[in-house]
Amino acid sequence: MILKPMMREGIIPLPVAFISTISKDGVRNIAPYACVMPVLRPLDLICIASAFKRDTLVNIRETGQFVINMVGADFSDKVIPTARFSPPEADEFELAKLNEKSSETVRPPGIAGGYAWMECELFKLYEETQYVLVMGRVLRLEVDDAVLNAQGEFDVTKARPLMMAGTRKGMDFCTVAGIDHFEPFSAMFADGRDPLENKYQE
C-alpha cells in the first residue's frame, strides 16, 4: 500500500506529551503534543513542533517557560478536552479536571498523575511559514519512582506511555512494550567505548 506522504504518523507511533504553560495574565493552559523530540544525546534540549495558532505557543513566547508532562495510557481521555478550542481566558486544568503538580524551577505547574515532568525554558524558536519549532532547555527532569525498575531505569511496562498512531479519520491511541533486548551504547563504537559515558555518571 502506498500512503500519502502526510500520513507519516500513521506508521510512526508518537509519544503524547501534555505541555502546561501559564499566560502572562496567570491563566493555566494545557495542550497535548505528539511532535516532541529530544535533541541528540547527551544534550539538555528538547524540540516541539507547533502550529502558530496555539495558546501554548503564545504563552511560551511571552513567558519563556513550560512543562512537558509525560503521561500513561490512562490519560487518553484527557487529550480531547485539552486539544479542543477554548478561549485564552479558560483554565484548562479545570476544564480537563486535572490537578497541578508544583514546579521547582519554572512558574507553570506540571500535571499530577503523570510519570515524568520536564521543566523547561525557551532556548530558541525556528519559524517557518506553516509551523514553529520550539527548542527548550530542560532545567529539571523528574520521574516518578513507581515507573523505575530495580536498577533505577525507566520501565515502559510500568509507565505504559501514552502514544498515538494517526489514521485517516483520527488518532489511534496505544502504548509501548519492552522486548527484553538491550545493547550498550558502547557497542556502536569500534573500540567498545562510549565517548559520552562520563556524561551519564552521577
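Guide: A strand is a DSSP run of E with at least two residues, and strands are numbered from the N terminus. The model itself is predicted.

Visitor: Which strands supply at least two residues of the lining of the largest pocket?

Guide: They are strand 4 (36-38), strand 5, strand 9 and strand 10. Strand 10 provides the largest share, three residues.

Visitor: How many helices and strands does the protein chain have?

Guide: There are four helices and 12 strands in the protein chain. Its radius of gyration is 18 Å, close to the 17 Å given by the globule rule for 202 residues, so the chain is as compact as a globular protein of that length. Along the principal axes, the C-alpha trace spans about 55 × 45 × 35 Å. Of the 202 residues, 40% count as buried.

Visitor: What makes N69 buried?

Guide: A residue is called buried when its relative accessible area is under 20%. The value for N69 is 0%, so N69 is buried. This residue has its place in strand 6.

Visitor: Which residues is N69 in contact with, leaving aside its neighbours within four places in sequence?

Guide: Contact requires heavy atoms within 4.5 Å. On that basis N69 touches A17, F18, I19, S20, G110, I111, A116 and W117. The C-alpha atoms of N69 and G110 are separated by 6.4 Å, although these residues are 41 residues apart along the chain.

Visitor: Which residues are buried in helix 1?

Guide: Helix 1 covers residues 55-63, and its buried residues are T56, L57, N59 and I60. Seen down the helix axis, they fall within an arc of 165°, so they line one face of helix 1. These residues pack against strand 2 (17-22), strand 3 (28-33), strand 5 (45-50), strand 6 (65-70), strand 9 (116-127) and strand 10 (132-143). Just after helix 1, G64 takes a positive phi of about 75°.

Visitor: Why is the space lined by I19, Y33, I48, S50, T56, L57, I60 and V134 called a cavity?

Guide: A cavity is a set of points where a 1.4 Å probe fits but cannot get out, whereas a pocket is an open set. The count comes to one cavity of 30 Å³ or more.

Visitor: What is the space in the largest pocket, and which residues are the closest to its centre?

Guide: The largest pocket contains about 1800 Å³. It is lined by 39 residues, the closest to its centre being P38, L141, E153, F154 and Y200. The lining comprises 29 nonpolar, two polar and eight charged residues.

Visitor: What volume has the second largest pocket, and which residues lie nearest its centre?

Guide: Its volume is about 760 Å³. The lining consists of 25 residues, with L14, Y33, A34, C35 and M164 nearest the centre. Elements giving two or more residues to this lining include helix 2 (79-83), strand 11 (163-166) and strand 12 (171-174). Strand 5 gives the most, with three residues. By class, the lining divides into 19 nonpolar, three polar and three charged residues.

Terms used:
Residues numbered from 1 in each chain as written. Predicted model: local features only at pLDDT ≥ 70, side-chain atom pairs only at ≥ 80, totals over all residues. Heavy atoms only, no water. Buried < 20%, exposed > 50% of the residue type's maximum accessible area, 1.4 Å probe, protein only. Arc of directions from axis to C-beta. 1 Å grid on protein atoms, 1.4 Å probe; cavity = no way out; pocket = protein on both sides within 12 Å on 5 of 7 lines; lining within 4 Å. Points joined across faces, edges and corners; volume = space filled by probe spheres on them. Nonpolar A, V, L, I, M, F, W, Y, C, P; charged D, E, K, R; others polar. Rg over C-alpha atoms; globule rule 2.2 N^0.38 Å.
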